[in-house]
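Here are my notes on the model, point by point. Please read them with the structure open.

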Amino acid sequence: MAFIRKRRLERELYSKERFSLLLLNLEEYYFEQHTANHVINKGCRDERKFRGSLKICSKSIIFEPDDNIQPIIKIPLRDCISIKAPEDNEANNLFTRDTSGGISVVCNQVFLIKERNVIAPYKTIRGRTEHLFQLDVAGKLGDVVQTLHQLYRASCLDKMGDQAAMITAILQSRLARTSFDKNRFQSISETLHMECKAEMVTPLVTNPGHVCVTDANLYFQPLNGYPKPVVQITLQNVRRIYKRRHGLMPLGLEVFCTENDLCSDIYLKFYNYQDRDELYFLIATYIENHVTEHTAESYMLQWQRGHISNYQYLLHLNNLADRSCNDLSQYPVFPWIIADYSSSVLDLTKPETFRDLSKPIGALNKERLDRLLTRYQEMPEPKFMYGSHYSSPGYVLFYLVRVAPEYMLCLQNGKFDHADRMFNSLAETWKNCLDGATDFKELIPEFYENDSSFLVNSLKLDLGKRQGGKMVEDVELPPWASGPDDFLQKSQEALESQYVSEHLHEWIDIIFGYKQKGSEAVSAHNVFHPLTYEGGVDLNSIMDPNEKVALLTQILEFGQTPKQLFTTPHPRRIIPKLKSLSRTSSHNVSIAESPVFLNEESFEDLTEESITLAWNNIAKLKLDEQYKIHKEAVTGIAVTCNGSSVFTTSQDSTLKMFSKESKTIQRSVSFSNMALSSCLILPGDTTVITSSWDNHIYFYSIAFGRRQDILMGHDDAVSKICWRDGRLYSASWDSTVKVWHCVPGETPSNKKHHFELLAELEHDVSVNTIHLNAANTILASGTKEGTISVWDVTTATVLHQLPCHSGTVFDAAFSPDSRHLLSTGEDCCFKVIDVQTGMLISSVTADEPQRCFKWDGNTILSGSQSGELLIWDLLGGKVVERIKGHTGAVTSMWMNEQCNSVITGGEDRQIMFWKLQY
């Protein structure tokens, strides 16, 4: 659990210190510390001195005694009456005797914190009191008093904006007078690339200092030297880097040295976006050769195909949407999954066990929603349905108070919440989220991780007594959980269950997706206060500093909506086929699948296993034979069922038949003097069909060795043909794809086909390639201008149309399960489209154009412009193997059904035979 792990590490590192930045107020800075004595009852018989550290902060004076029994003293500057250093010539002054290095502070309110080193609500001492602090270094007295006077004047200003402006000026003056200490470099040979001012961000706290980037390391040196003199991160260890929105401004930067952890290694907030962007560029440039940058779409593809879990996917989406465990106003948000907190057994096979993921929390209870909608309709603009958010600092600490009590004390001015409003019970909390008038909170990642300490009061905190007289202790768990660890285990199982996998995309649509804003949000009953959305307010346009501070405070405490990641419906997850009679088929994409019975599966399973084995070993593809059989580039390859004969077409206008057995060309046919563009063999191995640049499609009889038929179906070159179930699909540069029903001649003497045009799919420009899905229901087409269209061929209507490539689309193909469509183009890019939603979910850039390919949904075998065969890990976005092949572009590729034999054709006029060698 990231937050808890981080807190535990901090406690281990700084266990000797009771002071932490959490003792400061929100938006307060810690400037400096001085070793000093706190003198009590000065000059009296019972005078006592307590040695410790005096902390000078922007809104308070804090004294931390070395003796843990004694409380930490916090004096708010706004409650001070006077702050002075007694002068030697003040003869009648109480402090004139032995006052070397003394500072007198008179105030009317003091907070006592961590007495006997116990984390508890702050004790407040009201009434006039006087405190004397004697500095060890008397020479610093004048500077310290002068600083305190400045900060005191700031705290006495009436308006918060004016206070903030004066404190900022003091801070910037201090930063300007200092710089990064280059002696802190790890090596004297390091080269400095950049230095600027920034603040290190941790939950509820920011700590100002200097950032330094060298050719090897990223450094942060706190102005106050706390919690350590310098934070150092080796650039070689950086795995991820994100620009962040902090305080509604694009000033944050978060750096991770791990791939999947929730908490970063450092979160920095800059004073201007230019510094932030420059540092981002420096680090990103350094790591770009080591780390693949992931987008929401690339993670989506991994999730859809089961390569990452529901939990991991949600973590990645939170990260990409500016959610960080270092920013409690933008803490990662996770959904309530389980709706049953009363049963003795948790049944994950029943839909009623689960929360409806298609609705926000506020819409789950219809009666409450009706009341909210009535208020919404009567509300003047700007309208909103919910008066509170689903994620805020208060809600995060509501769940984590047992492991992060100091954070709640910091957020709530030294107090815990009322005992009856604490996180006492899962069932109570869920019920309140369903019924409460203002409670719409979701969960946090900790509910689906492995550390259950946030459910247990292991620190023995006094969190108060409830109305019934019961003390607040551990969280009350549902009957189906035998203990905290078992509760988390079952919550994880629920999150990864089939029901959630089938419906999680609906919740993503609400939180991160197209139902987050606009009319879709209204329809989904998902409208929050406008200020919670990114771009809801432009702080730079607000000139009044008081209004700006008030607005910022309000938004940060209320909570913020994640950055919108998707603007179209999120695709469903691909659920693996269940080998049982009750197989789930509700998420098929325009494909009606018949039930799979147990006795039908054995051969199918063996075939699938052999295909999987082949693709797992595709990098072991070896060149077996090669032959130069054409005079121009090879454009098409087709092979008979028994593999004995290979038919190829070429720009040299010939169709050739090559015998694998005799290794000779057995036939060479030319239908016109124009190039042939593709070929295929009809079932039964009796007829070859070829497409030509002369606008025609030719049928060639293998048995009789002559042209059997001709289809004059287009007004320009025919670029690609497909055949399925008696239907011919032809693509042409005349901007159409045509679907033909072909009926063979009725008598043996008349073998000519009858052609009936069933559909004409119109495009704006020349069509260069087409591909059909396995069920023959969906066709993809790619044009010379880079557009990919997805068609429902049963209705001849376009489902999706995307400008995927800049330049010609060379090849396109559906994944074996028809969920995704992969295309490659002149722009050197692979693009992946989700067929159901039409969303572009992945883009991978190559060094050169990839002219043709085969793929299994995860791995791509592509033929490049230079002639190499490349094997790609699509999910990782990288080449895993390069195989030398042709001396010119690979222009065509054939693969057998078992995926263990490949034939390629190239611009070098050769055909190459490849085999897998396990």
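1. His525 first. With 24% relative accessibility, His525 counts as partly exposed (buried is under 20% relative accessible area, exposed is over 50%, partly exposed lies in between; 1.4 Å probe, protein chains only). His525 sits in the loop between helix H13 (518–523) and H14. Its phi is near 55°, a positive value in a residue other than glycine. Helices here are DSSP runs of H or I with at least four residues, strands are runs of E with at least two, and both are numbered from the N terminus.

2. Ground rules. This is a predicted model, in which local features need pLDDT of at least 70, side-chain atom pairs count only at pLDDT 80 or more, and totals for chains, interfaces and linings use all residues. Residues are numbered from 1 along each chain as its sequence is written, and side-chain values use heavy atoms, with hydrogens and water left out.

3. Cys899 is not a glycine, yet its phi is positive, about 65°. The residue lies in the loop between strand E40 (890–895) and strand E41 (901–906). At 9% relative accessibility, Cys899 counts as buried, whereas His525 is partly exposed.

4. Cis peptides. Two to check. The bond from Tyr226 to Pro227 is cis, with omega near 0°. Pro227 belongs to the loop between strand E10 (217–222) and strand E11 (231–234). Glu381 and Pro382 are also joined by a cis peptide bond, and omega there is about -5°. Pro382 is placed in the loop between H7 and helix H8 (393–400).

5. The disulfide. The count comes to one disulfide, defined as a pair of cysteine sulfur atoms within 2.5 Å. Its partners are Cys263 and Cys325, with sulfur atoms 1.9 Å apart. The angle about the S-S bond is 125°, and the link is right-handed. Cys263 is in the loop between strand E13 (249–256) and strand E14 (266–270), and Cys325 is in the loop between helix H6 (310–320) and helix H7 (366–378), so the pair ties together parts 62 residues apart in sequence. Both Cys263 and Cys325 are buried.

6. Cys57 counts as buried, at 0% relative accessibility. For Cys641, the closest cysteine sulfur is in Cys679, 14 Å away and again too far for a bond. Cys641 has 72% relative accessibility and counts as exposed.

7. H2 against H3. Two packed helices are described by the angle between their axes and the distance between the axes. The axes of helix H2 (residues 141–155) and helix H3 (residues 160–176) come within 8 Å and cross at roughly 155°. Axes are lines fitted to C-alpha atoms, for helices over the stretch in contact, and angles run from 0 to 180 degrees between N-to-C directions. H2 and H3 are therefore roughly antiparallel (over 145 degrees; under 35 is roughly parallel, 65 to 115 roughly perpendicular, the rest oblique). On the H2 side, Thr147, Gln150, Leu151, Arg153, Ala154 and Ser155 meet Gln163, Met166, Ile167, Ile170 and Arg174 of H3; contact means heavy atoms within 4.5 Å. These residues divide into five nonpolar, four polar and two charged. Ala, Val, Leu, Ile, Met, Phe, Trp, Tyr, Cys and Pro count as nonpolar, Asp, Glu, Lys and Arg as charged, and the others, Gly among them, as polar.

8. H3 against H14. How do these two helices cross? The axes of H3 and helix H14 (residues 545–558) come within 7 Å, at roughly 95°. H3 and H14 are therefore roughly perpendicular to each other. Met160, Gly161, Asp162 and Ala164 in H3 meet Pro545, Asn546 and Val549 in H14. By class, this contact has four nonpolar, two polar and one charged residues.

9. The whole protein. The secondary structure comes to 15 helices and 42 strands. Along the principal axes, the C-alpha atoms fill a box of roughly 130 × 65 × 55 Å. Of the 918 residues, 57% are buried. Among contacts with a separation of 6 or more, 56% are between residues 24 or more positions apart.
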